[in-house]
Amino acid sequence: INAEYMGENAIDVVVNGLKHNAKHEQLLGRYLQILGNLSSNESLRVLSGRCGAIEAILEATEQADGEGLKSCLWVLSDLIFEDELNRARVLKHGGLSQILTTLQSTMDNFALQMASTKVLAYLTSNNVTAQRLLVCDNGLAPIINAMHHNLTNADLQMEFTGFLTYLAMSDWAYENVGEATIPTLCASMQHHPTDPAIQTRCVFILANLSSISSNQARIKRAGGVRLIINCLIGHIDNSDLQLQCGKSMCNLASHDDEIRQEIVAEGGVKAICDVMQAHPQNSDLQHNYCSVLVNIGEDVDIHSLV
């Protein structure tokens with residue numbers, strides 16, 4: 001209620017205070033707390049952006065560390081959440097490269113990794129400009145380095161894979177994203193075989209990326225075929241995960257003879273039949289796996305296996 005009485009002059013005071021106290025952790029925290037509270041009100045969030053809050057937070061991010069830096073990142077994520085103008089301000093003032101630098105330099109700090117990834121996720125969600133800056137300017141490298149460095153941390157893997165799903169839905173990015181991410185995605189699946197959420201996100205990304213032949217080869221080299229079959233076997237009751245596995249295998253088995261042979265050798269045909277029996281009413285799932293069996297049948301006599 002008090003936030004609604006905050007006018008432009010009051011926000012100016014807060015923004016100026018933030019600019020001049022970036023190294024004073026206690027005062028910085030107070031100013032950020034006010035901005036964070038304001039961001040829950042749409043009109044005040046817009047007003048904060050117009051009064052220079054984004055620029056002030058980015059300046060503070062360069063000077064702050066520890067708790068101050070974490071607070072800057074969380075408030076920044078609040079200000080850009082579903083706010084196109086504030087996202088544009090972050091990009092205009094070099095915020096993307098700042099966040100990537102923070103991500104790269106704090107790989108052993110769980111809280112800062114979480115906060116940095118959250119900002120990146122909000123910044124690139126449905127924002128082709130930000131996505132292109134990341135993909136075309138080698139911005140994926142620090143993200144994948146951080147993801148690989150924290151492979152054993154399930155919470156961080158959830159954040160990283162959640163962020164990468166946005167990029168994996170853009171067909172113009174399939175080649176660059178596939179080249180940068182596929183080995184690490186497969187490593188994440190290998191480290192978290194029983195986590196259905198991580199498996200589902202990784203396989204969703206692989207399902208999209210595998211629509212081009214170069215990424216099919218990358219998935220094969222990274223051991224992705226075996227990992228996807230392990231998903232079929234280990235998560236047979238999870239229809240969402242099974243649907244993504246079906247899409248991936250449908251792409252992978254479409255043209256590559258070696259992949260078809262690997263699917264058979266890894267017990268993929270039996271696994272597919274088991275999944276189809278477990279989900280008889282799921283028409284999309286049935287369609288995908290029937291297509292896989294048809295493709296495999298071009299090179300292998302699967303009648304006895306089925």
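Leaving aside its neighbours within four places in sequence, with which residues is Ser248 in contact? Ser248 touches Val203, Leu206, Ala207, Ser210 and Ile228. Ser248 belongs to helix α16, which covers residues 239–252, and is buried, with a relative accessible area of 1%. The structure in which these contacts occur is a predicted model, and this report describes the chain as a whole before turning to particular residues.

## The chain as a whole

The protein chain contains 19 helices and 0 strands. Taken along the principal axes, its C-alpha atoms fill a box of roughly 75 × 35 × 30 Å. Of the 306 residues in the protein chain, 53% are buried. When contacts between residues at least 6 apart in sequence are considered, 72% of them join residues at least 24 apart.

The accessible surface of the protein chain amounts to about 13800 Å², and carbon and sulfur atoms account for 48% of that surface. The protein chain carries 19 positive and 34 negative side chains. The centres of these two sets lie 5 Å apart.

## Helix α4 and its surroundings

Helix α4 spans residues 53–63, and its buried residues are Ala53, Ile54, Ala56, Ile57, Leu58, Ala60 and Thr61. These buried residues pack against several other helices, namely α1 (8–20), α2 (25–38), α3 (42–50), α5, α6 and α7 (95–105).

Leu18 is found in helix α1 and is buried, with a relative accessible area of 0%. Not counting residues up to four places away in sequence, Leu18 touches Leu28, Tyr31, Leu32, Leu35, Ala56 and Ile57. Ala56 and Ile57 are among the buried residues of helix α4. Gly95 lies in helix α7 and counts as buried at 0% relative accessibility. Leaving aside its neighbours within four places in sequence, Gly95 is in contact with Leu58 and Val90, and Leu58 is one of the buried residues of helix α4.

Gly95 and Glu59 are 36 residues apart along the chain, and their C-alpha atoms are separated by 9.4 Å. Leu18 and Gln199 are 181 residues apart in sequence and 41 Å apart in space, C-alpha to C-alpha.

## Aromatic and charged side chains

A search of the whole structure finds 1 aromatic pair. Phe81 and Tyr122 form this pair, which is tilted, with 4.8 Å centre to centre and 50° between the planes. The pair links distant parts of the chain, for Phe81 lies in the loop between α5 (66–80) and α6 (84–92), while Tyr122 lies in helix α8 (residues 110–124), 41 residues apart. Phe81 is partly exposed, with a relative accessible area of 37%. Tyr122 also counts as partly exposed, at 21% relative accessibility.

A charged group and an aromatic ring meet elsewhere in the chain. The charged end of Arg132 sits over the ring of Trp172, at 4.1 Å from the centre of that ring.

## Loop residues with positive phi

Which value of phi does Glu82 have? Glu82 has a positive phi of about 55°, although it is not a glycine. Glu82 lies in the loop between α5 and α6, the loop that also holds Phe81. Asn126, another residue other than glycine, has a positive phi near 55°. Asn126 is found in the loop between α8 and α9 (128–136). Glu82 counts as exposed at 59% relative accessibility, and Asn126 counts as exposed at 70%.

## Helix α19

Gln286 is found in helix α19, which covers residues 283–296. Gln286 has a relative accessible area of 17% and is therefore buried, the cut-off being under 20%. Leaving aside its neighbours within four places in sequence, Gln286 is in contact with Met276, His279 and Pro280.

## Accessibility of selected residues

The table below brings together relative accessible areas given above.

| Residue | Relative accessible area | Class |
|---|---|---|
| Leu18 | 0% | buried |
| Gly95 | 0% | buried |
| Ser248 | 1% | buried |
| Gln286 | 17% | buried |
| Tyr122 | 21% | partly exposed |
| Phe81 | 37% | partly exposed |
| Glu82 | 59% | exposed |
| Asn126 | 70% | exposed |

Definitions and conventions:
Residues are numbered from 1 along each chain as its sequence is written. This is a predicted model: local features need pLDDT of at least 70, side-chain atom pairs count only at pLDDT 80 or more; totals for chains, interfaces and linings use all residues. Side-chain values use heavy atoms; hydrogens and water are left out. Helices (H or I, at least four residues) and strands (E, at least two) are DSSP runs, numbered from the N terminus. Buried means under 20% relative accessible area, exposed over 50%, partly exposed in between (1.4 Å probe, protein chains only). Contact means heavy atoms within 4.5 Å. Accessible areas come from the Shrake-Rupley method with a 1.4 Å probe; for residues, only the protein chains shown count as cover. Lys and Arg count as positive and Asp and Glu as negative; His and the chain ends are not counted. The place of a charge is taken as NZ of Lys, CZ of Arg, CG of Asp or CD of Glu. Rings of Phe, Tyr and Trp (its six-membered ring) pair if their centres lie within 6.5 Å; planes under 30 degrees apart count as stacked, over 60 as edge-to-face and the rest as tilted. A charge sits over a ring if NZ of Lys or CZ of Arg is within 6 Å of the ring centre and within 35 degrees of the ring normal.
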